[in-house]
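Please look over the structure shown here before reading on. The report after it takes up a few of its features in turn.

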Amino acid sequence: MSNLTMSLSPHIHNGDSVEKNMYGVLIALIPAFICSVIFFGWGAIIVTAVSVAACLIFEYLIQKYLLRQNPTIWDGSAIITGVLLAFNLPVSIPLWIVAIGALVAIGVGKMSFGGLGNNIFNPALVGRVFLLISFPVQMTTWPTPQGFATTDAVTGATPLAIVKAALASNGTEAASGATAQGPQSVSEILAAHGITVPDMLYGNMGGSLGEVAAIALLIGFAYMLLRKIITWHIPVAIFATVIVFTGILHLANPEQFAGPLFHLFTGGLMLGAIFMATDYVTSPMTHKGMWIYGIGIGVLTVLIRVFGSYPEGMSFAILIMNGLTPLINRCCKPQKF
Amino acid sequence: MIKKPLKYNTVLKTFKIGGVHPPENKLSAQAPISVLPLPEQVIIPLSQHIGAPAIPTVKKGDRVKAGQLIGQAAGFISANIHSSVSGTVVGIDSVTDASGYARPSVIIKVEGDEWEDTVLEKAEAKKPGDYSKEEIIKAIAAAGIVGMGGATFPTQVKLSPPPGNKAETLIVNGVECEPYLTADHRLMLEHGEELMTGVQLIMRALDVRRAVVGIENNKRDAIELLTRLAAQIPGVEVCPLKVRYPQGGEKQLIKAVTGKSVPSGGLPIAVGAVVQNVGTVYAVYEAVMKHKPLVERVVTVTGKAVKNPGNYLCRIGTPISKLIEAAGGMPEDTGKVISGGPMMGKAVMSTEIAVTKGTSGVLLMRENESRRPAYRNCIRCAKCVSACPMGLEPFRLMLLSEQGLTETLEQERVMDCIECGSCSFTCPAHRPLLDLIRLGKNRTGQMIRARKAKNQ
Amino acid sequence: MTTTILFTIISLCLIGIASAVILYFVAQKFKVDEDPRIDIVEELLPGANCGGCGKPGCRGFAEATVKADSLDGLFCPVGGAATMTKIASALGREVVMQTPKIAVVRCNGTCEHRPRTSHYDGYKSCAVEHSLYRGETDCAYGCLGCGDCVKACAFDAIRMDENGLPAVDEEKCVACGACVKACPRNIIELRNQGPKGRRVFVSCVNKDKGAAARKACAAACIGCGKCAKECPFGAITVENNVAYIDFNKCRLCRKCVSACPTHAIHEVNFPARKITEATPEASTTEA
């Protein structure tokens, strides 16, 4: 008989692994991917494939030649970063921009901090925000969903941008003293552009690849909860904060502020709350901390959307709260025995 | 097999924070306790308990009988050691025990099976009420009884609360939350009446009116039996508990049964509770009613590759190789032998290690189960934080231990860690959390003791 | 226009002057009186902040030397005698010479000498392994081979050699003692470096009785006492079944080395023995 193995207790493990969690998240992203393919056609597949491949290649090169480690590209984290980055891009984006985004996401967002587990900010969001600031035109040209049917992409704006622009023009018209020609209140604006709640639910609107179909994202959320990959705290805290905050604003002035449902189902809120804010590495460790983190994201998102100059604020809100996470971890200790 | 769970499983009591649910694997739950034949030789370590090792009272060449005192307790926190067999002392020597180091032990060659005259075959015809508090505690101390759940703290010390503290409730630990182990389960099923007598004896020793037997809901037959028996005894009740590890931990069990939290750094007596394992209770019964010292115990021999997983009544000092033989021999691909359960048991490097008072089981793990995979970076998933039953942050404690920051470790309450292993069990990156936390805990303990010594 | 520029310049100057005055008074008020010699001594020190002197870093050592009346008991192991001489002359004090020391690993348990009897699979740290059990071999005193000393060394002077034992680089070792503290088994000792680096030491700390020690490791000290009998200077004592050579008494005659039946006594940096003289191997086979 060979020598016995010795180690300290415990001697059993529940069989969980980094890979199981990472690939679990990827499985949860499949419904949203299918929706994006249905809405945006081949472009969705191409953008996602380029983004994932670029992330994997950059991670491999950096680990192998810069950090001189054993590359661990198949642990799933680089694939998730790739998919999430792609899901945050419009389908018409030039592919070389996608590759630059992947380089920034992996190189700056993740590897410069020491790789998986050490990064402060969500890598996919670092890439996305970099692209948004560097290539604002390409990043905000949103083809409306056409499916596989047509090749000529018709570009339009996202519902958030439509509302923001319309409200802004109201303001300028009012200031110049001209009589308002176009629609006045939020509901009129939405009606004028034919945007309805069911449309928003299943994603029949302009936007990034993965953010359009709220239902698909919610299915992914349910799957991750079932597999115990994430806990419900962060997404629920974000949803609740957004509903309450926009609800109050809407009740105060329905003309000026869109209702909670509009805010919940448009833009990257669903994608961000379910898949980006819940990133293990950059979110707090305790349930209390998760609540604070989620509420912070919700408040910041609404503030940026309603009062800021960008139509969408999810990415910025998550990045800001990522930066605050170490502080939250310091303040929020788990419940003592 | 176990009957269907109680229908109110979801509302069963349990502790409040943390905890995990490892696969139960109670392979030997249906195997009745069988008596292991006497070995040719026993090795009885003089330190089978927490505290000072016993001082040997025999020398090489002496003839001893089973039940005879061979080691005298040395000091307040210590326990008597008795010969578990009759025969000749062949030496008092350092022999490697489950601690992994050689420690003084009495080696006895077995000849016949002759017992000390004072040990009774049948229990005295007295009732628990006929014994005085002092008589019971004296009998327990004389019999060298220690906590048999694994902690091996001398029982007479636990039954004499420090002045100013008053026990209110006796909690009997029949939880057996460790996977695989079934020794306590079988003991409850086969010796229910003796256990109830033991419970009454300890209640008398502690002068308490209430006793609660906590049993996890995966032992339905034991719950039913003991509930029936307890119905006839005033003040004794059975509390079925939701299956959850580490419910057998003292603080967790008190929380589950009474809802009270033992304060950080405090003893259970601070909330009026005293916890005793069912094995200990049975030993108390034998010590008082039969004058029989603690020289044998029930050990579970189990493992996925073991031919006949079972429960054996064996003498203290029996090499575990004898137990393995009785259970069908060592499987070919055994990679690890564990004394105790898989969550808190200790790996041993040889099967010649002797059974001691705290050995609750022998678990044989297959080669493929025994190696740990390489560990990775912490991905900060917080699963260890959710699993920790003491509300600690294991990922942080591990890092602090690695860096040797004992002062910060103390602030982070590392001394509260009960070393249950839930953190390492859940970690998806397979990080050796508990390995390092234990190291940090040891060093912090040393620092605290050094500080106390300096201040005195 | 000119008035605006003039006004700006004047106001800025005023703010600057006011700030300078405030700064001056605050600096005077909160000035910490510190012996300027501390800075001088600190300059002379190597600046490794290793703590080998027992003080919290080089500045702590500098403060201690300035405060103390004599340099007795104060020694910078990194800088050695040269640095101490410089410090002594800077402070105008007597130089207390200390014999240079070096870390010595007292374990012979190579893979060849010590058969492995179990496999350790936990966190790779001697301290953790030590807390679990006696280690992968049957020797409960020997090197565990996880390299806690290597991690502790700030001077990159220890590495694990091909035999799985720590090897000290004599050039780099400054005898700071970090490895001595890191070793849970007290195998590493600071010994006199010896003339031309020549030293003799018992490379084993096994306290088991002879037979058990021998069984665990072919090169263990079995406490037979032959070396003690052989030593003409009374430098060797055998206690708890293990021999120890007092380096202050040892005159490096090397008789013990040839006497040891298990080759547990090592000699370092000696020239090769003459062929006529019995080699240690030969002498033991005769014995």
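This is a predicted model: local features need pLDDT of at least 70, side-chain atom pairs count only at pLDDT 80 or more; totals for chains, interfaces and linings use all residues.

In it, chain A and chain B bury about 4,100 Å² between them. Carbon and sulfur atoms account for 57% of that area. On the side of chain A, three residues, A:His11, A:Met285 and A:Phe337, supply 22% of the area that this chain buries against chain B, more than any other three residues. The contact draws on 36 residues from chain A and 60 residues from chain B.

Across the interface of chain A and chain B there are 4 salt bridges. A salt bridge joins the side chains of A:Asp16 and B:Lys383, with a distance of 3.2 Å from N to O.

**Contact between chain C and chain B**

Chain C also touches chain B, with 18 residues of chain C in contact with 18 residues of chain B. The area buried between these two chains is about 1,400 Å², and carbon and sulfur atoms give 56% of it. C:Asp121, C:Tyr123 and C:Arg134 supply 43% of the area that chain C buries against chain B, more than any other three residues. Between chain C and chain B the count of salt bridges is 0.

**The second largest pocket**

The second largest pocket has a volume of about 1,300 Å³. Its lining is made up of 44 residues, and the closest to its centre are A:Lys228, A:Thr231, B:Lys383, B:Ser386 and B:Ala387. B:Lys383 is also the partner of A:Asp16 in a salt bridge.

From chain A, H1, H11 (233-252) and H14 (287-307) each supply at least two residues, as do H10 (383-387) and H13 (422-426) of chain B. H10 of chain B gives the most, with 4 residues.

Is A:Ser36 buried or exposed? A:Ser36 counts as buried because its relative accessibility is 0%, and the cut-off for buried is under 20%.

Leaving aside residues up to four places away in sequence, A:Ser36 touches A:Gly41, A:Ala44 and A:Leu209.

Technical notes
Residues are numbered from 1 along each chain as its sequence is written. Chains are lettered from A and ligands numbered from 1 in the order in which they are written. Side-chain values use heavy atoms; hydrogens and water are left out. Buried means under 20% relative accessible area, exposed over 50%, partly exposed in between (1.4 Å probe, protein chains only). Contact means heavy atoms within 4.5 Å. On a 1 Å grid over the protein atoms alone, a cavity is a set of points where a 1.4 Å probe fits but cannot get out, and a pocket is an open set with protein on both sides within 12 Å along at least five of seven lines; lining residues have an atom within 4 Å of a point. Grid points are joined across faces, edges and corners, and a volume is the space filled by probe spheres set on the points. Buried area is the accessible area (1.4 Å probe) that two parts lose on being put together, summed over both.
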